[in-house]
Amino acid sequence: MAKYTKENIVSLVKEQNVKYIRLQFTDILGTIKNVEIPVSQLDKALDNKMMFDGSSIEGFVRIEESDMYLYPDLDTFVIFPWTSDKGKVARFICDIYNPDGTPFEGCPRYNLKRVLKDMEELGFTDFNLGPEPEFFLFKLDEKGEPTLELNDNGGYFDLAPTDLGENCRRDIVLELEEMGFEIEASHHEVAPGQHEIDFKYAGAIKACDDIQTFKLVVKTIARKHGLHATFMPKPLFGVNGSGMHCNLSLFKGNENAFFDPNSELQLSETARQFIAGILKHATNFTAVTNPTVNSYKRLVPGYEAPCYVAWSARNRSPLIRIPASRGLSTRVEVRSVDPAANPYLAMAVLLASGLDGIKNSLTPPKPVDRNIYVMNKEERLEEGILDLPATLANALDKLKTDEVVVNALGKHLFEHFVEAKEIEWDMFRTQVHPWEREQYMSMY
């Protein structure tokens, strides 16, 4: 991560002809918000004096307590490459503060920093995340609105001309690299119109910042190609949905705390306890890692998404997979997370769950190396394999029962998240859907 001072930034802004600054932050639902200011207000922003109306943002505050301050993280300064040479646009990612100078408890980014302090108290120095976000590309209509027409009929690792999204994906990679991303892989995914771009792991805060920046770049460049990029988990019936596998590791200084060359699978006791914590809380944090009604259309058998709480170093059907790399690359891959998740909240609950396993010296069950999708319910029960929640409503009910996960969100975020999601579920539940009319209009 680049290290900037106020003086560096002022100098770069002049050199690069930056005319506008976006002060970005993330609301409770994971949506990127921003306040755009002219460059004449840069000094004020750098002095943490930019104010905005928090009552207009989902899950923040009421009208009578609306004044909030944006504190830019100087190290997140970047100039958007695609903006005009006549006047470029730069951005900072910000934390939200109260008027009295205290951090706002409803700021998802600050909340993750709070959970990271719990990690540090246990002697760990870093919580690293390597995300694998997937997305679909759909064509735009003549009005610039997204259609359901896919851009290609490609499959896993296909090349052009089958993969017509290749040029768009390449331009996305070039823009990301110009912004400082280290891209590790870029390829067509299993479903037609589906793509994945993997970037290098980083500490949890930077990695979550990168996910948000990644989404913005993907959507921006796709539109330049006449396409709509969506991170909706399951936009189409009958094909794979989009996941965001999260590769997690804990470090103590330069040492990966998950690696032990002398133990079974070369996984340390810490790694096994962390896995046990994730498995213990998996059904209860799913509302956060899979936060939409649509998320549960992805978590069904047959489309490579995990629906069962288990782990393995060999197969890809359980919730947790242990990739083959060892040494500094030893990691735990949580496969249930989808790209609709607010990354700051998702990492807070995953980290807290893993730390609970370490604090209480939990032991994971035996790894399940069979294909769980072909096991029947009785076989799964014999192996102690639980199902993930089947709907957002089920997941919210589970979330409310788990003190560790609730504490990882904090009172403000928990209450506002549950309120927003219960409204979402109720709107879905009471809506009459086309499928119902197709099934019942003639029958009854």
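Biologist: In which loop is the place of Asn 17?

Modeller: Asn 17 sits in the loop between helix H1 (6–15) and strand E1 (18–26). Helices (H or I, at least four residues) and strands (E, at least two) are DSSP runs, numbered from the N terminus. This is a predicted model, in which local features need pLDDT of at least 70 and side-chain atom pairs count only at pLDDT 80 or more, while totals for chains, interfaces and linings use all residues. Residues are numbered from 1 along each chain as its sequence is written, and side-chain values use heavy atoms, with hydrogens and water left out.

Biologist: What is the phi of Asn 17?

Modeller: Phi of Asn 17 is near 60°, a positive value in a residue other than glycine. Gln 266 also has a phi near 60°, and its place is the loop between strand E13 (255–256) and H6.

Biologist: How is the relative accessible area of Asn 17 classed?

Modeller: Buried means under 20% relative accessible area, exposed over 50%, and partly exposed in between (1.4 Å probe, protein chains only). Asn 17, at 27%, is partly exposed. Gln 266 is partly exposed at 29%. Ala 420, in helix H11 (residues 403–430), counts as buried because its relative accessibility is 12%.

Biologist: What span should the 17 residues of helix H8 have?

Modeller: The expected span of a helix is 1.5 Å times one less than its number of residues. For H8 (residues 343–359) that gives 24 Å, and its end C-alpha atoms are 24 Å apart, which agrees.

Biologist: Why is H8 described as largely enclosed by the rest of the structure?

Modeller: Of its 17 residues, 16 are buried, so H8 is largely enclosed by the rest of the structure.

Biologist: At what angle do H3 and H8 cross?

Modeller: Axes are lines fitted to C-alpha atoms, for helices over the stretch in contact, and angles run from 0 to 180 degrees between N-to-C directions. Angles under 35 degrees count as roughly parallel, over 145 as roughly antiparallel, 65 to 115 as roughly perpendicular and the rest as oblique. The axes of H3 (residues 108–121) and H8 come within 8 Å and cross at roughly 15°, and the two helices are therefore roughly parallel. Contact means heavy atoms within 4.5 Å. Residues of H3 that meet H8 include Leu 112, Val 115 and Met 119.

Biologist: How do the axes of H6 and H8 cross?

Modeller: The axes of H6 (residues 269–289) and H8 come within 6 Å and cross at roughly 140°. That makes H6 oblique to H8. Among the H6 residues that meet H8 are Phe 274, Gly 277 and His 281.

Biologist: At what angle do H10 and H11 pack?

Modeller: H10 (residues 392–399) and H11 pack at about 150°, with their axes 11 Å apart. They are therefore roughly antiparallel to each other. Asp 397 lies in H10 and is partly exposed at 47%. Its C-alpha is 8.9 Å from that of Ala 287, although Asp 397 and Ala 287 are 110 residues apart in sequence.
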